[in-house]
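Visitor: I would like a walk through this structure, one contact at a time. Could you take me around?

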Amino acid sequence: MSVASTRSEKNLGVGPAASKARLRVWLRILKVSRIIERELRERLRVEFDTTLPRFDVMAALYRAEEGLNMSELSGVLRVSNGNVTGIVDRLVGDGLIVRVPVEGDRRAMIVRLTKKGRTHFSELAGVHEGWVSELLRSVDAPQAEKLIAQLGAIGSRLDRLKAAEE
């Protein structure tokens, strides 16, 4: 195979060169994601005595002002109900979220942030955003927008494939 045909395959997204390039992209995404996640976990632990899963639960509830039932919360976070229950219990104990019974369904509960929880999460989110900005400072705004679009397209395609399987 000639160098020209290898370049052509890579540019067209077909053939072994494109396949290897995609594999390298995946491995790089994983590596960078793990490094960033590890750093954020450590900073949350040290500076706020909290965890990334707690942050994620509060973020989901912050976006859903009316609250979410446990299945909805699990779906947003893409984890099982069991994974969320212990976190919710601790956040309730800390006064950051509250369980509210669903009218007409004695077993169902909606969880939502308390006023204290919204205030606390707002502080966390602002600091978290600064940390992420610092960690990704080598990416300028136009590059970030391009990456967002590319990764969004990949995610949409994968979601469509998953939906087609079901």
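**Loops, helices and rings**

Guide: Gladly, and let's start with a loop residue: Thr50 lies in the loop between α2 and α3. Please keep in mind that this is a predicted model.

Visitor: Is Thr50 buried or exposed?
Guide: The relative accessibility of Thr50 is 5%. Buried means under 20%. Thr50 therefore counts as buried.

Visitor: Which residues does Thr50 touch, not counting residues up to four places away in sequence?
Guide: Remember that Thr50 sits in the loop between α2 and α3. With residues up to four places away in sequence not counted, Thr50 touches Leu44, Arg45 and Leu124.

Visitor: How do α2 and α6 lie relative to each other?
Guide: Helix α2 covers residues 15-48 and helix α6 covers residues 115-135; they pack with their axes 11 Å apart, at an angle of about 140 degrees. Angles over 145 degrees would count as roughly antiparallel, and 65 to 115 as roughly perpendicular. The angle therefore makes α2 oblique to α6.

Visitor: What is the handedness of that crossing of α2 and α6, and how many charged residues does their contact have?
Guide: The crossing of α2 and α6 is right-handed. On the α2 side the contact includes Glu39, Arg43 and Glu47, and these meet α6 residues, among them Glu123 and Glu134. By class, the contact of α2 with α6 has nine nonpolar residues, one polar and, for the charged class, five.

Visitor: Now α3 and α6: which term describes their packing angle?
Guide: α3 and α6 have axes 10 Å apart and pack at an angle of about 110 degrees. The range from 65 to 115 degrees counts as roughly perpendicular. α3 and α6 are therefore, relative to each other, roughly perpendicular.

Visitor: What is the handedness of the α3 and α6 crossing, and how many nonpolar residues does the contact have?
Guide: The crossing of α3 and α6 is left-handed. Phe55, Met58, Ala59, Leu61 and Tyr62 in α3 meet α6 residues that include Phe121, Leu124 and Ala125. By class, the contact of α3 with α6 has three polar residues, one charged and, for the nonpolar class, eight.

Visitor: How many aromatic pairs are there, and what kind is the pair of Phe55 and Phe121?
Guide: The count comes to three aromatic pairs. For Phe55 and Phe121, the centre-to-centre distance is 5.1 Å and the planes are at 45 degrees. Phe55 belongs to helix α3 (residues 52-63) and Phe121 to helix α6, 66 residues apart. This pair is tilted.

Visitor: What kind of pair do Tyr62 and Phe121 form?
Guide: Tyr62 lies in helix α3 and Phe121 in helix α6, so this pair ties together parts that are 59 residues apart in sequence. The ring centres of Tyr62 and Phe121 are 5.0 Å apart and their planes are at 45 degrees, so the pair is tilted.

Visitor: Which residues do ring pairs link into a cluster?
Guide: Phe121, at 5% relative accessibility, counts as buried, and Phe55 is buried too. Tyr62, at 30%, counts as partly exposed. The cluster linked by ring pairs is made of Phe55, Tyr62 and Phe121.

Visitor: Last stop, Glu65: which residues is it in contact with, leaving aside neighbours within four places in sequence?
Guide: Glu65 is found in the loop between α3 and β1, and its relative accessible area is 56%, so Glu65 is exposed. Apart from neighbours within four places in sequence, Glu65 is in contact with Arg112 and Arg118.

Terms used: Residues are numbered from 1 along each chain as its sequence is written. This is a predicted model: local features need pLDDT of at least 70, side-chain atom pairs count only at pLDDT 80 or more; totals for chains, interfaces and linings use all residues. Side-chain values use heavy atoms; hydrogens and water are left out. Axes are lines fitted to C-alpha atoms, for helices over the stretch in contact, and angles run from 0 to 180 degrees between N-to-C directions. Helices (H or I, at least four residues) and strands (E, at least two) are DSSP runs, numbered from the N terminus. Angles under 35 degrees count as roughly parallel, over 145 as roughly antiparallel, 65 to 115 as roughly perpendicular and the rest as oblique. A crossing is left-handed if the near helix is turned anticlockwise from the far one by less than a right angle, and right-handed if clockwise. Contact means heavy atoms within 4.5 Å. Ala, Val, Leu, Ile, Met, Phe, Trp, Tyr, Cys and Pro count as nonpolar, Asp, Glu, Lys and Arg as charged, and the others, Gly among them, as polar. Rings of Phe, Tyr and Trp (its six-membered ring) pair if their centres lie within 6.5 Å; planes under 30 degrees apart count as stacked, over 60 as edge-to-face and the rest as tilted. Buried means under 20% relative accessible area, exposed over 50%, partly exposed in between (1.4 Å probe, protein chains only).
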